[in-house]
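Hi,

Here is the structure for your set. My notes on it follow below.

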Amino acid sequence: MKNKASSGGGPSQRQLRVGELVRHALSDILSRGDLPDPALTRVVITVPEVRMSPDLKIATCYVMPLGGKDAKAAIAALATNAKPLRGEIGRRLALKSIPELRFRIDTSFEEGSRIDALLRLPQVQRDLGGAEDGPNDPNDQEDAV
């Protein structure tokens, strides 16, 4: 019989918790400059999200350099230093097994900007304004009399 908690489709509480632990540890390592690679020490990298695989063996880290400049170079530098980063995370966290780190560019900021731009379109503003002035609007009571 299938476990009801695992059939939900979303990440489990354990995946979310471990992902957040890895994110905090990775952010701390990168902000303190604990790695000797100059490519990582001269750029500030934010880590907005870490997604864990269901077996907790792979951590997909979504990162973005501050200002969004040279994102591909930052991803390449992180991928080159994945093993030392993994070792440092292993020293900081008490996990049964330390996950393999994979790095991806975080596109959530661009996606949010795109949605904001769509919501500001005149057609959308007209539709949103029209939805608020429905027939049951209490401010239109004098029209009904």
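**Confidence, a helix pair and a pocket**

pLDDT is the predictor's confidence in each residue, from 0 to 100. Elements are DSSP runs numbered from the N terminus: helices are H or I, at least four residues, and strands are E, at least two. The chain averages 82, and 83% of the residues score at least 70.

The model is predicted: local features need pLDDT of at least 70, side-chain atom pairs need 80 or more, and totals for chains, interfaces and linings use all residues. Numbering starts from 1 along each chain as its sequence is written, and side-chain values use heavy atoms, without hydrogens or water.

Helix 1 (residues 13-32) meets helix 4 (residues 82-92) through V22, A25, L26, D28, I29 and L30 on its side. Helix 4 brings L85, E88, I89 and R92 (contact: heavy atoms within 4.5 Å).

Now the pocket. Which residues line the largest pocket? They are R14, R17, V18, M52, D55, L56, K57, L95, K96, S97 and P99. A pocket is an open set of points on a 1 Å grid over the protein atoms alone, where a 1.4 Å probe fits, with protein on both sides within 12 Å along at least five of seven lines; lining residues have an atom within 4 Å of a point. Helix 1 gives the largest share of the lining, three residues.

Best wishes
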